[in-house]
Amino acid sequence: SPRLTVRPGIVAVPLRLRSAAGITLLADMVTLTPGTTALHVSEDRQTLYVHAMDAADPEAVRRSIADRLEAPTMRVLP
């Protein structure tokens with residue numbers, strides 16, 4: 001049987017985006033990224049909860065989302 005070396009998990013990603021449109025776009029992009037799914041946005045819109053197929057390093061997941069997805073989105077929608 002195959003032995004997977006990935007460690008799936010749920011990662012809390014702090015948000016810099018504030019608009020509903022920006023957060024929605026980010027959540028959509030996260031979900032379209034293979035291996036990740038946006039699960040929930042906190043009531044105060046400060047945190048996006050993401051399921052990642054490989055969350056062995058949660059900080060790397062947070063950095064990747066912030067740098068690759070959130071930063072470009074902030075240039076378009078605040």
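**Notebook: salt bridges, strands and core**

I began at E59, which is partly exposed, with a relative accessible area of 38%. The model I am reading is predicted.

**Entry 1. Salt bridges**

I searched the whole structure for salt bridges and found two. In one of them the side chains of E59 and R62 meet, at 3.2 Å from N to O. Where do E59 and R62 stand relative to each other in helix α2? They are three residues apart, so about one helical turn separates them. I looked up R62 too and noted it as partly exposed, at 25% relative accessible area.

The side chains of R16 and E70 also meet in a salt bridge, with an N to O distance of 3.4 Å. I placed R16 in the loop between β1 (9-14) and α1, and E70 in helix α2, so the pair ties together parts that are 54 residues apart in sequence. Is E70 buried or exposed? I have it as buried, with a relative accessible area of 1%. R16 is partly exposed, at 44%.

**Entry 2. Surroundings of R16**

I then listed the contacts of R16, leaving out residues up to four places away in sequence: R16 touches A66, E70, A71 and M74. I also took the C-alpha to C-alpha distance from R16 to A27, which is 13 Å for eleven residues of sequence separation.

**Entry 3. Helix α1**

Helix α1 covers residues 20-32, 13 residues in total. From its first C-alpha to its last I read 18 Å, close to the 18 Å expected at 1.5 Å a residue. Which residues of α1 are buried? I wrote down G22, I23, L26, A27 and V30. Looking down the axis of α1, I found these buried residues within an arc of 130°, so they line one face of the helix. I checked what they pack against and noted β2 (36-41), β3 (47-52) and α2 (58-76).

**Entry 4. Strands**

I turned to the pairing of the strands. β1 and β3 run antiparallel and are joined by six bridges. Within this pair I found I10 opposite H51 of β3. β2 and β3 also run antiparallel, with five bridges between them. For H40 I looked up the bridge partner in β3, and it is Y49.

β2 and β3 form a hairpin, and I counted five residues between the two strands. In the turn, R45 has a positive phi of about 60°.

I sorted β1 by face. G9, V11 and V13 make up its covered face, while I10, A12 and P14 make up the uncovered one. My side note is that in a regular strand the side chains alternate between the two faces of the sheet.

**Entry 5. Nonpolar core**

How many residues are in the largest nonpolar core? I have 16, and the members that touch the most others are V13, L26, V30, L48, V50 and I65. β1, α1, β3 and α2 each supply at least two residues of this core. The most come from α1, which gives four.

I followed one of these members further. Not counting residues up to four places away in sequence, L48 touches V11, A12, V13, L15, L26, A27, V30, A38, H40 and V41.

Terms used: Residues numbered from 1 in each chain as written. Predicted model: local features only at pLDDT ≥ 70, side-chain atom pairs only at ≥ 80, totals over all residues. Heavy atoms only, no water. Expected span 1.5 Å × (residues − 1). Buried < 20%, exposed > 50% of the residue type's maximum accessible area, 1.4 Å probe, protein only. Arc of directions from axis to C-beta. Contact = heavy atoms within 4.5 Å. Pairing = 2+ DSSP bridges. Salt bridge = Lys/Arg side-chain N within 4 Å of Asp/Glu carboxyl O. Core = buried A, V, L, I, M, F, W, Y, C linked by side-chain atoms within 4.5 Å.
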